[in-house]
Amino acid sequence: MSDPNQDDRAPLRAVARARARIAIILTAAMIAVYFGFISLIAFNPALLARKVSDGLSLGILLGALVIVASWVLTWIYVRWANTHYDTAIKAMGRPKP
Amino acid sequence: MNTAIGQPNGIAMAFFFVFIAITLGITYWAARRTKTTEQFYAAGRTVSPAQNGFALAGDYMSAASFLGIAGLVSTTGFDGLIYSTGWLVGWPVVLFLIAEPLRNLGKYTFADVVAFRLSQTPVRIAAATGTLATVVFYLIAQMVGAGGLIKLMFGISYETAIVIVGAAMIAYVLFGGMLATTWVQIVKAVLLLGGALMLAVLVLVRFNMNPAVLFAAAAARYGDAVLAPGKLVSNPGDAISLGMALMFGTAGLPHILMRFYTVPDARSARTSVFYATGLIGFFYLLTFILGFGAMVLVGPDAIRAVDKGGNMAAPLLAELLGGTPFLGFIAAVAFATILAVVAGLALAGASALSHDLWASVVRRGHASGSEELKVARAATVVLGVTAVLLGITFKGQNVAFMVSLAFAIAASGNFPALLLSMFWTRFSTAGAVASILTGTFGTLLLIWLSPTIQVDVLHRADAWFPLKNPALVTIPLSFAVGIVVSLVTAPKVADARFAHHQRQMHMGATGD
């Protein structure tokens, strides 16, 4: 296929790959955190019953940390996208008509 | 304890009428700015990221999250928190995988995205099926919940409550479209977060402002077991399956996906999920406090005495801490919560009927904007009336499973096709249709054969399918069917078409 725009697409492909990589890594991290927590509930409830301090069981602490982990992961992504991704897209300019 | 719950409550009524008056005022204002399809479906794409963040939170935090989780924690302890975390972890997934490509590729519905480089008619029909199945089951759960709760809190009849909810929902969407719906969500989100925060602070004041002291008090009175996993999750398969439905269902909920079209561009879509994740996570952290607070201060027996399901834990707690006025406020917030969620659902369902089925399938893209708008408004009325009739039909039925059913359909019917259409070059029309239909009808079939229906609803001894939620089977199945059918039908994907797709996915529509 002879496409005169063929070379123009290389930078876009690179950005697409970079974004896909970040998206997959962060999604995998979220899945690992949440299903790690659920697996402990399912397979090792006794561990989650252990007290970290008076009144605070490991289960409640980890549950709160799952929520905190969601915040941290979204923050990492937004930071990456606002700096690297947006810059790369802007650098390519508007696509040719 | 003596409670005013179940008595007609003047203060609750007053708060509720203020809410209705404000939201109808917003609708009047929005109606004058709702003349085109873009304004009706997407608020003219003028919503700011922060506004959309609150609106997403408002669309998402249903009465099930507020009353349901607080009730579950107050009666079972730790187990209720499984929902608090599960309902949040879908949001980062929405951000990483869905929000920005969706905004760049689509106009009004998620079917726009799936159909972007595939055959319009079959894909639109399948996607509208997935959307409507999700919306209808979610609506039934909300309507039946609304009727029961409102009857309990305000002392008015079930049918009256359903009709009020239906009428308000139709008014918001019919006249004010997405702009009114968005502002109803924002008002509701602020009220709900404010109410929950006030309640949590009033609880913590009694426990040195330290949640650990509260948890210790709960353990001292009801045993250490309340701080640890209990019998809600007896079967590991059930735990993981429910977790999958909650996590991936969020990324397939049509009324949530539709919100990303209301902001000006992909970057705003990204920022709005960041706000939404913060707000929703904060709310779910508060449910820890509300649940254990109700357990210690009100007591599980007193909560179950008012409502077997425990749904009145938060209102009872409000009454105990702030008297009848605070109960009235929280009851009105719960009503507003339900009302806002059903409005979002009605708009998403109406869009599937008018934009996907009427404009794209019946009229093959040749409907004028004003014609599509008329159909969208007619569809809103049809859906609203249907919701009221379904709410009355299912009166007194056990519909608690329908929320997790809606999540399972969204996760298995909508999410896989959406993801594959964005990221996989060889995804074909046949693959998309097969994936959506397998996910949607597979979920319905397996839930019918599961203990959820056979044992809990039909009271049979056992069920053919072992899991209460089918997502563990239906999500992988839907992906597998989509991939295999695409490979078998060996599509001639024009490279230029995918290149155009990829360019628009990252850079947005350019009008060419």
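Of the 97 residues in chain A, 27% are buried. The model is predicted. Chain A meets chain B through a contact that takes 44 residues from chain A and 47 from chain B. In chain B, the largest nonpolar core counts 229 residues.

**Chain A**

- Three helices and two strands form the secondary structure of chain A.
- Their order from the N terminus is α-α-β-β-α.
- Among contacts in chain A with a separation of 6 or more, 59% join residues 24 or more positions apart.

**The contact between the chains**

- Chain B brings 47 residues to the contact, and chain A brings 44.
- Six helices of chain B each supply at least two residues to the side that touches chain A: H5 (81–86), H6 (90–105), H10, H11 (236–249), H13 and H21 (495–507).
- H13(B) gives the most to that side, with nine residues.
- By class, the residues on the side of chain B that touches chain A are 32 nonpolar, nine polar and six charged.

**H10 against H13 in chain B**

- Helix H10 (residues 211–222) of chain B packs on helix H13 (residues 266–297) of chain B at an angle of about 40°, with the axes 9 Å apart.
- H10(B) is therefore oblique to H13(B).
- The crossing of H10(B) past H13(B) is left-handed.
- From H10(B), the contact uses Pro211(B), Leu214(B), Phe215(B), Ala217(B), Ala218(B), Arg221(B) and Tyr222(B).
- From H13(B), the contact uses Phe288(B), Ile289(B), Phe292(B), Gly293(B), Met295(B) and Val296(B).
- Eleven nonpolar residues, one polar and one charged make up the contact of H10(B) with H13(B).

**H9 against H16 in chain B**

- Helix H9 (residues 158–205) of chain B and helix H16 (residues 369–393) of chain B cross at roughly 165°, and their axes come within 9 Å.
- That angle is why H9(B) counts as roughly antiparallel to H16(B).
- H9(B) passes H16(B) in a right-handed crossing.
- H9(B) contributes Glu159(B), Ile162(B), Val163(B), Gly166(B), Met169(B), Ile170(B), Val173(B) and Leu174(B).
- H16(B) answers with Arg377(B), Thr380(B), Val381(B), Gly384(B), Ala387(B), Val388(B), Gly391(B) and Ile392(B).
- The classes in the contact of H9(B) with H16(B) are ten nonpolar, four polar and two charged residues.

**The nonpolar core**

- Within the largest nonpolar core, the residues that touch the most other members are Val114(B), Val165(B), Ala294(B), Ala314(B), Leu317(B), Ala334(B) and Val342(B).
- Helix H15 (residues 313–362) of chain B gives the largest share of this core, 32 residues.
- Leaving out residues up to four places away in sequence, Val342(B) touches Leu139(B), Gln142(B), Met143(B), Val165(B), Met169(B) and Ala387(B).

**Glu319(B), a buried charged residue**

- Glu319(B) sits in helix H15 of chain B.
- Glu319(B) is buried because 24 other C-beta atoms lie within 10 Å.
- Beyond residues up to four places away in sequence, Glu319(B) touches Thr3(B), Ala4(B), Thr324(B), Phe326(B) and Leu327(B).
- Its C-alpha atom is separated by 32 Å from that of Ile170(B), a residue 149 positions away along the chain.

- Met209(B) is not a glycine, yet its phi is positive, about 55°.
- Met209(B) belongs to the loop between H9 and H10 of chain B.
- Met209(B) counts as exposed because it has 11 C-beta neighbours inside 10 Å.
- His459(B), also not a glycine, has a positive phi of about 60°.
- The loop between helix H19 (451–454) and helix H20 (471–488) of chain B holds His459(B).
- His459(B) has 7 C-beta neighbours inside 10 Å, so it counts as exposed.

**Met507(B)**

- Met507(B) is placed in helix H21 of chain B.
- Met507(B) counts as partly exposed because it has 18 C-beta neighbours inside 10 Å.
- Met507(B) and Glu100(B) are 407 residues apart along the chain, but 9.9 Å separates their C-alpha atoms.

Conventions
Residues are numbered from 1 along each chain as its sequence is written. Chains are lettered from A and ligands numbered from 1 in the order in which they are written. This is a predicted model: local features need pLDDT of at least 70, side-chain atom pairs count only at pLDDT 80 or more; totals for chains, interfaces and linings use all residues. Axes are lines fitted to C-alpha atoms, for helices over the stretch in contact, and angles run from 0 to 180 degrees between N-to-C directions. Helices (H or I, at least four residues) and strands (E, at least two) are DSSP runs, numbered from the N terminus. Angles under 35 degrees count as roughly parallel, over 145 as roughly antiparallel, 65 to 115 as roughly perpendicular and the rest as oblique. A crossing is left-handed if the near helix is turned anticlockwise from the far one by less than a right angle, and right-handed if clockwise. Two residues are in contact if their C-beta atoms, placed from the backbone, lie within 7 Å. Ala, Val, Leu, Ile, Met, Phe, Trp, Tyr, Cys and Pro count as nonpolar, Asp, Glu, Lys and Arg as charged, and the others, Gly among them, as polar. A nonpolar core is a set of buried Ala, Val, Leu, Ile, Met, Phe, Trp, Tyr and Cys residues joined through C-beta atoms within 7 Å. A residue is buried if 20 or more other C-beta atoms lie within 10 Å of its own, exposed if 12 or fewer, and partly exposed in between; C-beta atoms are placed from the backbone.
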